[in-house]
2 protein chains.
Amino acid sequence: MRIIGIDPGSRATGYGVVDLEGQNLLHVAHGVIRVPSSLAQAARLAKIHRALAALVAEFEPQCAVIERVFLARNPKSAIVLGEARGAALAALAGSGLEVEEISAREVKQAVTGNGGATKSDVQTMVSRRLGLVSVPPSDAADALAIAIGRSQAGRLAGLEIRRGRRRPRRLADIARELS
Amino acid sequence: MRIIGIDPGSRATGYGVVDLEGQNLLHVAHGVIRVPSSLAQAARLAKIHRALAALVAEFEPQCAVIERVFLARNPKSAIVLGEARGAALAALAGSGLEVEEISAREVKQAVTGNGGATKSDVQTMVSRRLGLVSVPPSDAADALAIAIGRSQAGRLAGLEIRRGRRRPRRLADIARELS
């Protein structure tokens with residue numbers, strides 16, 4: 001199962017692609033779609049849409065995940081964030097993917113074992129878990145964390161059914177499995 | 001000059017297309033893109049995006065206009081509204097259009113002569129000004145009003161330069177010019 005995690009923003013949209021193969025989590029790709037702030041907002045959104053559609057066509061994930069948003073700091077920033085999310089969601093669903101949502105707390109819990117972890121904790125744990133040589137930029141690390149969070153949620157449920165375990169197994173270091 | 005006005009919403013997105021030919025405003029088309037509330041939000045947004053891209057391909061407007069939003073009732077509804085706007089803006093800009101924004105007050109002022117007009121006033125005046133046989137549904141009327149507002153803003157500016165006039169001329173009833 002290949003999962004793409006997305007962390008949308010009107011200036012920088014992070015993406016992270018991982019494969020879940022049995023118990024193993026493999027890093028496939030990550031990056032940040034950056035759009036110049038000199039562009040008009042509509043043109044930025046069109047770029048986000050186009051870039052994500054291209055990424056889905058290239059990596060062919062079976063599942064897309066985005067962070068659930070309950071509150072934004074204020075209605076103005078909520079509109080701008082919503083617009084970036086709208087462009088991203090339209091691209092993902094328009095490419096035939098179902099888009100799942102996961103809470104920030106679930107993501108942090110899954111990646112670091114602590115639902116209240118800092119951004120920097122998430123960055124460190126994502127690169128450790130995926131055996132990355134360098135720490136990804138924050139937006140890409142968040143997107144990878146979202147994908148990892150989703151993969152672990154799925155495995156957790158599976159483990160509970162099969163073995164009655166409530167806690168996820170530690171992910172093995174899979175660096176050597178990366179091509 | 002052909003203008004498409006858009007009134008985005010996650011359940012219903014109104015659109016209205018008008019032609020500005022010299023002093024005359026001609027009705028071209030209007031409608032509402034409705035997406036079933038049974039669909040997931042991402043699938044709705046993909047539908048809005050696809051439908052707007054198809055409308056732009058069909059009617060080939062030179063200009064797209066959307067209402068400027070300053071505040072939403074609360075951050076939660078702001079996210080949802082923002083998402084619908086994001087899908088719409090990505091579709092318009094992705095089709096090569098520049099998207100302009102106009103305030104609700106400017107729209108109402110242009111269409112009814114009163115910046116504080118009600119939704120029902122706008123509906124009535126839009127259909128009167130465009131010589132429509134029946135009153136369009138509210139979302140489509142709002143979209144036509146946005147397009148009319150933009151057309152009048154352009155003419156106003158032109159009139160000011162040419163004749164030093166500050167007030168827009170009343171639009172003639174153009175019903176008989178409709179094919």
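Two strands are said to pair if DSSP finds at least two bridges between them. Strands (E, at least two residues) and helices (H or I, at least four residues) are themselves DSSP runs, numbered from the N terminus.

Before we go further, a word on conventions. This is a predicted model, in which local features need pLDDT of at least 70 and side-chain atom pairs count only at pLDDT 80 or more, while totals for chains, interfaces and linings use all residues. Residues are numbered from 1 along each chain as its sequence is written, chains are lettered from A and ligands numbered from 1 in the order in which they are written, and side-chain values use heavy atoms, with hydrogens and water left out.

Start with the sheet of chain A. Its 5 strands make an open sheet of mixed pairing, in the order β3-β2-β1-β4-β5. At the edges you will find β3 (24-34) and β5 (99-102) of chain A, each pairing on one side only. On average, neighbouring strands here are turned by 25° against each other, direction ignored; the axes behind such angles are lines fitted to C-alpha atoms, for helices over the stretch in contact, and angles run from 0 to 180 degrees between N-to-C directions. Now zoom in on strand β4 (residues 63-67) of chain A, which runs parallel to β5(A) and is joined to it by 4 bridges. One pair to look for is A:Glu67 with its bridge partner in β5(A), A:Ile102.

Chain B also has an open, mixed sheet of 5 strands, ordered β3-β2-β1-β4-β5. Here β3 (24-34) and β5 (99-102) of chain B each have a single partner strand, so one side of each is left without a neighbour in the sheet. Helix α1 (residues 41-59) of chain B packs on this sheet, where it touches β1 (2-7), β2 (12-21) and β3 of chain B; touching, or contact, means heavy atoms within 4.5 Å. The direction of α1 makes about 155° with that of β3(B).

What does α1(B) meet in α2(B)? The axes of α1(B) and helix α2 (residues 75-94) of chain B come within 8 Å and cross at roughly 35°. From α1(B), the residues involved include B:Leu45, B:Ile48, B:Leu52 and B:Val56, and they face a set in α2(B) that includes B:Val80, B:Ala84, B:Ala87 and B:Ala91. In this contact 12 residues are nonpolar, 2 polar and 1 charged. For that count, Ala, Val, Leu, Ile, Met, Phe, Trp, Tyr, Cys and Pro are nonpolar, Asp, Glu, Lys and Arg are charged, and the others, Gly among them, are polar.

Next, follow the loop between α1 (41-59) and β4 of chain A to A:Glu60. Most residues other than glycine have a negative phi. A:Glu60, however, has a positive phi of about 50° although it is not a glycine. Is A:Glu60 buried or exposed? With a relative accessible area of 57%, A:Glu60 is exposed, where exposed means over 50%, buried under 20% and partly exposed in between (1.4 Å probe, protein chains only). In chain B, B:Glu60 lies in the loop between α1 and β4, has a positive phi near 50° and counts as exposed at 58% relative accessibility.

A rotation of 180° with 0.0 Å of shift along its axis superposes chain A on chain B, with an RMSD of 0.0 Å. The two copies are thus related as by a two-fold rotation axis. The same surface serves both copies, as 100% of the contact residues of chain A recur in chain B. The superposition is by least squares on the C-alpha atoms of residues with pLDDT of at least 70 in both copies.
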